[in-house]
Each structure stands twice: as C-alpha cells, then as structure tokens.
Amino acid sequence: MKSDTAAGPPGAPAAPTSRGSVTGTRRTVAALFLLPALLLLGALVVYPIGYSVVRSFYDQSGDGFTGLDNYRALFTDDGIRTALKNNVIWVVFAPTVATALGLVFAVLTERIRWGTAFKLVVFMPMAISMLAAGIIFRLVYDQDPDKGVANAVWVGVHDTFAESSAYPKAHPGRESPLEAAGRGAFVTRTTVGVGETVALPLVGVAPDLIPDDAERAAAPEPQADRITGTTWQDFTRGKGVGTLNEVDAGELGYPGMKIEAVKDGTVVETATADADGTFSLSAKADGARLRLPASNFQEPYNGLDWLGPSLVTPAIIGSYIWMWAGFAMVLIAAGLAGMPRELLEAARVDGANEWQVFRRITVPMLAPVLAVVTVTLMINVLKVFDLVFIIAPGSSQDDANVLALELYRKGFSEDQPGIASAIAVFLLLLVIPVMWFNVRRLRREVRR
C-alpha cells in the first residue's frame with residue numbers, strides 16, 4: 001500500500017514558486033530591453049558631459065591643468081560677459097512675452113468661429129526650422145525699405161505723418177544765382193524786388209527720380225505787384241545743360257519745392273512751386289533774399305537699423321516670439337479646454353465682468369500650465385543659437401552674442417576648447433535648476 005506523505009495531506013496548498021527567481025528574471029528582461037537605450041544615453045549624453053567637465057580644467061592644448069582659470073574667464077572676457085548679459089535679457093523677456101501672447105490668443109480665440117484657423121496660422125511657424133526662420137527674418141529686418149518688410153511698414157507710417165523730400169541730391173550748378181546758406185539750405189546771392197522774375201535752377205536729380213507730376217518748366221512772367229520765379233532741373237537728358245540758368249525746352253520743373261523770403265534772418269513769406277516749377281510771392285518779399293530751405297533736400301527716411309548694435313537683440317527676440325507664441329498658445333488652449341466652466345459662469349452670474357473673470361479665475365486656474373510653458377521656454381532660450389547666428393550680421397554679432405554662440409565661437413573660431421567646455425558646463429548648471437523645478441511641478445500635478 002502506497003504512503004500519502006509525499007503528496008501531503010488532502011487540501012494542503014501546492015508548494016509555491018520562488019518569488020525571488022521571478023523578480024530576478026523580470027529585472028533581467030527589463031535590463032536587456034533598456035540596455036540599447038542606456039548605451040546610447042551614455043555615449044551621447046553622459047560621456048560628452050563628463051568629458052566637457054574634465055576638459056574645462058585644461059588649457060588650449062589639453063595637456064596643462066589650469067584649474068578654475070577657464071571659469072574665471074567667464075566673468076572677465078568681454079565677449080562672454082556680453083553673452084551672459086544678453087542671455088539674461090532673453091530669459092526675462094522672451095518666455096514672458098511668448099507666454100503672454102499665447103494666453104491672449106488662446107482666450108480670445110476660444111469663442112470665435114474661425115478660432116481654429118487662427119490658431120493654425122499662429123502655430124504654423126513651429127513647423128519652420130530655426131535656420132529657415134533666421135533667413136526669413138534676416139530679410140524682414142533688411143535696412144532697405146524696398147526689401148525689408150519691417151522698414152517698409154515703418155517708413156510707410158513715418159511718411160504718412162512726415163513726407164520725405166523728393167530732391168535729396170539737388171544742388172546749384174555752375175554760375176548759379178544760388179549759394180550755400182549753411183545746414184543744407186541755398187539762398188539767392190542778391191535780394192529781389194517787386195516786379196522782378198527770379199531763376200532758381202538746380203541740378204543733381206536723376207531724371208527717373210523727379211516726381212511723376214512734374215511738368216515742363218515754364219519761364220516766369222513778370223507781375224507789377226508780385227515777385228515771380230521758377231525752380232527747375234537745369235539739365236536735359238541727352239542734351240546736357242543747354243543754356244545755363246535759363247529754362248530750355250524739355251527741362252522739368254520742381255513741383256512742391258518750398259521757397260522762403262528772408263529779411264534780416266526772419267522768414268516773411270513762403271511759397272510752394274507748381275508742377276511747372278513756377279511760384280510767386282507778394283510785396284512782403286520786396287528786398288528779401290529767397291531761400292530754398294534744407295527740408296527740400298533731406299535724405300528720405302530709411303527706417304530703423306533693426307540689426308544695428310542697439311536693436312539687434314530685441315529684433316531677434318521678436319523673431320523667436322513669432323515662432324514660439326504658437327507653442328505657448330496650443331498648450332494654454334489645452335489647459336483652458338479642461339477648465340470647469342461652472343466657475344466661470346458662476347462668476348458672471350455674480351456680476352463679474354470679463355476682465356475680472358480673466359484676471360481672478362482664468363489666470364489663477366491656468367497657473368500650472370503657464371508655469372510649465374514659461375519654464376520650458378526658459379530652458380529653450382538658454383540654448384538659443386541658430387537665430388542669433390543667422391540673423392545678426394557680422395558687424396553687430398558681438399552685440400547680439402549669447403552663451404551658446406560664444407561657446408561655438410570659442411570652440412571653433414578661436415580654438416579655445418577649454419573655455420568652450422567651461423561655457424558648456426556653465427550652461428548646464430543654469431539649465432539644471434530650471435529643469436528640476438519643471439520636473440518637480442509635473443510630479444506634483446501627477447499626485448493630484
């Protein structure tokens with residue numbers, strides 16, 4: 001008869017499988033799956049960081065240990081100090097303005113029918129690479145208003161309120177009755193009297209730049225009680241000067257030219273030339289000298305030097321905001337979509353206007369999203385390189401310098417890899433606290 005001891009008493013549980021061996025197997029499988037990613041992480045992230053830290057303590061050749069000398073250069077080198085100052089400007093203004101615009105766009109487009117199309121247009125620059133955006137804005141900020149959109153708009157607005165001169169290159173010719181009066185003005189050599197005619201010939205304006213409304217110049221006709229005259233282009237294309245200081249056939253008048261009658265340094269009367277260049281003055285101008293004021297010859301307004309030393313950094317920040325405001329808008333719109341509408345409606349029922357609802361309910365409830373967007377953009381601007389390198393011309397690149405660009409210049413252009421490594425480590429140290437703040441906030445949101 002067989003014994004039941006080996007099988008155990010009836011109803012007893014089966015011998016359990018070892019939990020330790022199962023856990024060990026799972027960890028091994030997980031490690032095998034993670035190994036390729038860990039190898040890539042070590043090769044592409046951990047090793048370069050470690051090498052940069054070590055290299056930052058050595059000289060240019062990499063053989064001599066210099067201690068903290070490369071880090072001291074971060075605060076003594078003029079180029080690096082300018083880059084550090086510009087990075088502060090970037091971190092303060094670019095994320096703030098981009099986030100604020102994203103918030104405004106997200107809130108304002110929530111109720112309009114074409115809000116989705118507007119958001120698509122605002123977000124579209126995110127599909128463009130930094131290189132392409134830099135090339136676009138290099139053209140946008142071109143100094144020539146005929147090429148640069150920014151100056152075309154600026155000059156158009158300026159000329160609406162202050163019209164530019166049509167004769168910036170005009171000046172008296174040979175044996176002219178006009179002489180220089182200082183500060184760009186011209187005045188007649190002698191005084192004029194009632195009943196006289198006055199010739200005010202000028203040269204120097206290219207025929208294709210003379211105003212379209214200019215007509216053939218007409219010789220002035222004397223009037224007994226007035227002073228008459230003509231101001232014109234004393235030059236005919238293909239014929240040359242012709243008869244000096246006399247109106248020849250085919251020569252054009254200077255419409256809009258301003259003439260002042262000056263007595264003892266005081267302007268007693270003014271006149272404006274007609275399309276044929278003729279003008280007349282009353283008896284008040286008797287005994288005065290006629291002056292063509294400098295406003296007739298001012299160079300046309302050419303807009304702002306957007307890429308000059310003083311405006312280059314704000315201009316590049318503007319291009320960055322153009323690209324990243326759409327990113328901020330999309331994230332904030334997602335947070336706005338998840339906001340409980342009952343609170344907003346309750347506030348309106350209690351008598352709050354839209355501004356109060358926005359300031360006291362919408363913004364506080366979106367604070368976590370706004371913080372994530374702002375911090376993400378801060379990390380991004382600390383590493384900005386492409387836009388500055390492409391948009392800033394060589395003449396003002398030193399003024400637009402940032403740490404990432406200075407790292408490139410020190411490492412490749414000036415062959416100072418030790419200082420470049422120190423800049424890289426310094427940038428890492430600047431990014432780590434911001435990243436830590438972002439990760440901590442995200443974990444806090446997950447717990448909620």
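Modeller: Start with pairing: two strands pair if DSSP finds at least two bridges between them. Helices (H or I, at least four residues) and strands (E, at least two) are DSSP runs, numbered from the N terminus. This is a predicted model: local features need pLDDT of at least 70, side-chain atom pairs count only at pLDDT 80 or more, and totals for chains, interfaces and linings use all residues. Residues are numbered from 1 along each chain as its sequence is written, and side-chain values use heavy atoms, without hydrogens and water.

Biologist: Which residue stands opposite glutamate 179?

Modeller: Valine 187 in S2 does. Strands of a sheet pair through backbone hydrogen bonds, either parallel or antiparallel. Here S1 and S2 (residues 185–188) run antiparallel, joined by 4 bridges. The open sheet has 5 strands in the order S1-S2-S8-S5-S6. Its edge strands, S1 (178–182) and S6 (266–272), each pair on one side only.

Biologist: Which residues touch the most other members of the largest nonpolar core?

Modeller: In soluble globular proteins, nonpolar side chains tend to be buried together. A nonpolar core is a set of buried Ala, Val, Leu, Ile, Met, Phe, Trp, Tyr and Cys residues joined through side-chain atoms within 4.5 Å. Buried means under 20% relative accessible area, exposed over 50%, partly exposed in between (1.4 Å probe, protein chains only). The largest core has 47 residues; Trp90, Tyr141, Ile316 and Tyr320 touch the most other members. Helix H7 gives the largest share, 15 residues.

Biologist: Why does asparagine 401 count as buried?

Modeller: Because its relative accessibility is 2%. Asparagine 401 lies in the loop between H11 (386–391) and H12 (403–413).
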